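Here is a briefing on helix packing. Keep the sequence and structure in view as you read.

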Amino acid sequence: MFENLAEKTLNLMGWKTDDQWPEDLDQCVMIAAPHTSNWDALYARLALKALKVNVRLTIKDSYMKFPFGPFVRAMGGIGIDRRPKQPGEPRPSMVQVMTDLFKQHPKLVMLVTPEGTRARQEQWKTGFYHVAINAGVPIALAYMDYAKKEAGVGKIIYPTGNYEQDMAEIMAFYANIEPKFPEKFSIDQRYF
């Protein structure tokens, strides 16, 4: 029911969905880009709901408690705790914590925004790639193209371990996507 409602809402707004989502894909890291406006989250969530993709987001575990907890969980939040397991141990990296989530959840589509902010970033955060490699999962390329009024999943990449080559393929995909505010978006020029 919610999937139909999401698709109808997108259509009423003049948007359509791009569905390159394989039905048998249970785990992946999903990039959402470009990220230049708060509207991006709305279009992305509607498109992914219409495509029946249940995305999850990582958030500091303290937000999982009352009063925010029920809302955060309903939005797909997964609380993460980066405190050391034992006193004196180093704090685990975000890459390690996210990789471990794939071991704990047999069905997990982890949504990340590698730009990290709505402001223009010349270099993307690349932890998503290392999580995908360490967890042995593909990378789904989700997008919102304002020129075409299209949102969805445009491509699935199976990382080869050749970091430069795989990042170049990702950047080539996003180079042709039109954000809401083009002046706030840049692909990572190191790989394009």
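Helix 5 spans residues 127-135, and its buried residues are Phe128, Tyr129, Val131 and Ala132. Buried means under 20% relative accessible area with a 1.4 Å probe, protein chains only. Seen down the helix axis, these buried residues fall within an arc of 160°, so they line one face of helix 5. The arc is taken from the directions from the helix axis to the C-beta atoms. The model is predicted: local features need pLDDT of at least 70, side-chain atom pairs count only at pLDDT 80 or more, and totals for chains, interfaces and linings use all residues. Residues are numbered from 1 along each chain as its sequence is written, and side-chain values use heavy atoms, without hydrogens and water.

**Around helix 5**
- The cover over its buried residues includes strand 2 (27-33), helix 4 (94-104) and helix 6 (163-174).

**Helix 5 against helix 6**
- The two helices pack at about 120°, with axes 12 Å apart.
- Phe128, Tyr129 and His130 of helix 5 contact Tyr163, Asp166, Met167 and Ile170 of helix 6 (contact: heavy atoms within 4.5 Å).

**Helix 1 against helix 2**
- The axes of helix 1 (residues 2-12) and helix 2 (residues 39-50) come within 7 Å and cross at roughly 130°.
- Helix 1 and helix 2 are therefore oblique to each other.
- Their contact includes Phe2, Ala6 and Leu10 of helix 1 and Tyr43, Leu46 and Ala47 of helix 2.

Key: Buried means under 20% relative accessible area, exposed over 50%, partly exposed in between (1.4 Å probe, protein chains only). Helices (H or I, at least four residues) and strands (E, at least two) are DSSP runs, numbered from the N terminus. Axes are lines fitted to C-alpha atoms, for helices over the stretch in contact, and angles run from 0 to 180 degrees between N-to-C directions. Angles under 35 degrees count as roughly parallel, over 145 as roughly antiparallel, 65 to 115 as roughly perpendicular and the rest as oblique.
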